[in-house]
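Please look over the sequence and the structure before reading on.

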Amino acid sequence: DAQQKLGPQLNYTITGIDAGAGIMGNTQTALQVYGLKTANWQLQTSSTAAMTSALNKAIQYKQPIVITGWQPHWMFTKYKLKFLKDPKNVYGKTENIDTITRIGFKQSNPAVYKFLQNFNWTPTEMSGIMLKVNNGIDPAKAAQAYIDKHPQQVKQWLKGVAKGHGQKVTIAYVAWDSEIASTNLVKRILDKRGYQVTIQAMEAQPMWAAVATKAADISLSAWLPNTHAIYAKQYKGKYVDVRANLHGARTGLAVPTYMKNINSIEDLKN
Ligand code: PBE
C-alpha cells in the first residue's frame with residue numbers, strides 16, 4: 001500500500017539490463033553518489049527483454065518498479081513512464097548517438113565514409129522502425145519500409161556517395177532496439193548501393209573493441225558523451241568519431257507515472 005516504504009516493497013532492487021551497457025555503470029555510480037548503496041539498494045543485471053517484461057507485469061498490476069530507462073526506446077511510447085530527476089547529474093544532460101569508425105576506414109572506403117558523414121535522423125524517425133520491430137516485423141523489412149517512406153531523406157544521405165562494387169563493410173552493434181533500427185537501416189541502404197554489409201551483434205565493450213582493433217569498420221551505437229564515456233576513454237585514439245547520427249538521446253532511472261511520490265532519485269531513500 002501507499003503507506004509502505006518503496007525500498008522494502010522492491011526488495012531495494014532496481015531492475016537493470018545487460019552488464020556491459022553504459023547505463024549499468026552509471027547506475028552503480030548513482031547508487032554510490034545518492035547514498036543508496038549504504039541504504040542497501042542494488043542493481044539487478046538482466047537484459048532489455050527481461051527488464052521490459054518485468055515492467056510490463058508491474059504496470060499490469062499497478063505495482064511499483066524502478067528501471068534503467070532510456071530514450072529513444074518504445075518503452076516510453078508503450079507505457080506512461082517518467083525519468084527520475086537526477087540533481088547530481090550522474091546520467092548527463094545531453095546525450096547523442098555517435099557514428100564511429102576504425103582508424104583508416106575513411107581512406108580505404110571514402111564513399112561509405114561520406115555516407116556516414118551524411119547520415120543522421122531524429123528519435124521520432126527512429127521510433128518508426130523500433131515500433132515495427134517491437135511488433136514482430138523483421139528488422140530488414142522494417143528498414144525497407146522506412147526507405148520506401150522516406151525517399152528524399154535517403155537520397156540526401158546518399159548524396160555524393162559513389163556506388164559500391166561489392167566492397168565488404170562490417171558494422172558492429174549491440175542488440176538494443178535503437179541500434180537494431182539504425183544498423184539495419186544503414187545496412188539496407190548501403191547494400192542497395194552496391195556494398196556488401198555484414199552486421200555483427202555483440203556486447204557493448206566488444207563492440208568498442210571491435211572498432212578499436214579494426215575487426216569491424218563501423219559502429220552506429222556509441223552513446224556519448226556520457227553513457228559510453230568509459231569505453232571512449234579506454235579506446236581513445238583508436239577510433240574516429242564521425243558525427244552524431246541522433247541528437248536527443250537520454251538515459252536515467254525511470255518509473256511508471258502512477259508512482260506519484262517518487263520524482264527524484266533522492267526519493268528512493270525515503
Ligand atoms: N542503452 C541503450 C545503452 C545504449 C543504448 C542506454 C541501454 C547503454 O546503456 O549503453
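Which polar side-chain atom lies 2.7 Å from an oxygen atom of the ligand? In this predicted model, that atom belongs to the side chain of His-228. The protein covers 100% of the accessible area that the ligand has on its own, which is 280 Å².

| Residue | Protein atom | Distance to a ligand oxygen atom |
|---|---|---|
| His-228 | polar side-chain atom | 2.7 Å |

**Surroundings of the ligand**

The ligand sits in the largest cavity. Around the ligand are Ile-17, Ala-21, Gly-22, Ile-23, Trp-70, Trp-176, Glu-179, Trp-223, Thr-227, His-228 and Thr-251. By residue class, this shell comprises six nonpolar residues, four polar residues and one charged residue.

**Domains**

How does the chain divide, and which parts supply the shell? The domain assignment gives domain 1, covering 6–92 + 251–269, and domain 2, covering 95–248. Each of these two domains contributes at least three residues to the shell around the ligand.

Taken over C-alpha atoms, the centres of domain 1 and domain 2 are 28 Å apart. In the contact between the domains, 19 residues come from domain 1 and 17 residues from domain 2.

Notes
Residues are numbered from 1 along each chain as its sequence is written. This is a predicted model: local features need pLDDT of at least 70, side-chain atom pairs count only at pLDDT 80 or more; totals for chains, interfaces and linings use all residues. Side-chain values use heavy atoms; hydrogens and water are left out. A residue is near a molecule or strand if one of its heavy atoms lies within 4 Å of it. A polar contact is a pair of N or O atoms within 3.5 Å; within protein, one must be able to donate a hydrogen and the other to accept it, and residues adjacent in sequence count only if both atoms are side-chain atoms. Accessible areas come from the Shrake-Rupley method with a 1.4 Å probe; for residues, only the protein chains shown count as cover. On a 1 Å grid over the protein atoms alone, a cavity is a set of points where a 1.4 Å probe fits but cannot get out, and a pocket is an open set with protein on both sides within 12 Å along at least five of seven lines; lining residues have an atom within 4 Å of a point. A molecule sits in a cavity or pocket if more than half of its atoms lie within 2 Å of its grid points. Ala, Val, Leu, Ile, Met, Phe, Trp, Tyr, Cys and Pro count as nonpolar, Asp, Glu, Lys and Arg as charged, and the others, Gly among them, as polar. Domain bounds come from an automatic or database domain assignment. Contact means heavy atoms within 4.5 Å.
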